[in-house]
Amino acid sequence: MRATTGVRVRGQGEERDRLGAAELGGEPGRRASLVQFSSAFCQPCRATRRILAEVAAMVEGVAHIEIDAEDRLDLVRSLGIDKTPTVLVLDSQGRIVRRATGMPRKADVIAALGAAV
């Protein structure tokens, strides 16, 4: 898999954002990645962490990466993230294919992965 670097700020007519290991702080999944932006005192973030970890364990080649929003304000701002938890589903090339805020349902996460793999 080709490594991707750099983040594009979303705007009219721009290519989708791409996130690689440098931005994620961890190795992305071979097939897809579930990227969770959390904060320390966010109660729904804990449940989201559990759900995403379970789904990643169920689907081969999918990684769950959690990012502390307070530690990565540059990335949070460039991606327009204003609430935690925010979950991004990335395809194998690091493109954002789905985005959601709040605690997701397990079935919705599995369905969203369908757009990435």
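This is a predicted model: local features need pLDDT of at least 70, side-chain atom pairs count only at pLDDT 80 or more; totals for chains, interfaces and linings use all residues.
Residues are numbered from 1 along each chain as its sequence is written, and side-chain values use heavy atoms, with hydrogens and water left out.

E3 and E4 pair in the antiparallel sense over 5 bridges, where strands (E, at least two residues) are DSSP runs numbered from the N terminus and pairing requires that DSSP find at least two bridges between two strands. Within this pair, Ala100 of E4 is the bridge partner of Val87. The two strands form a hairpin with 4 residues between them, and Gly94 in the turn has a positive phi of about 85°. Strand E1 (residues 32–38) also pairs with E3 in the antiparallel sense, over 6 bridges, and Leu88 in E3 is the bridge partner of Val35.

Because 6 of the 6 residues of E3 (residues 86–91) are buried, this strand is largely enclosed by the rest of the structure; buried denotes under 20% relative accessible area, computed with a 1.4 Å probe on protein chains only. Thr86, Leu88 and Leu90 point one way from E3, whereas Val87, Val89 and Asp91 point the other way. In a regular strand the side chains alternate between the two faces of the sheet.

Ser33, located in strand E1, is buried with a relative accessible area of 1%. Contacts of Ser33 (heavy atoms within 4.5 Å), not counting residues up to four places away in sequence, are made with Pro28, Ala63, Leu88, Val89 and Leu90.

Technical notes:
Buried means under 20% relative accessible area, exposed over 50%, partly exposed in between (1.4 Å probe, protein chains only).
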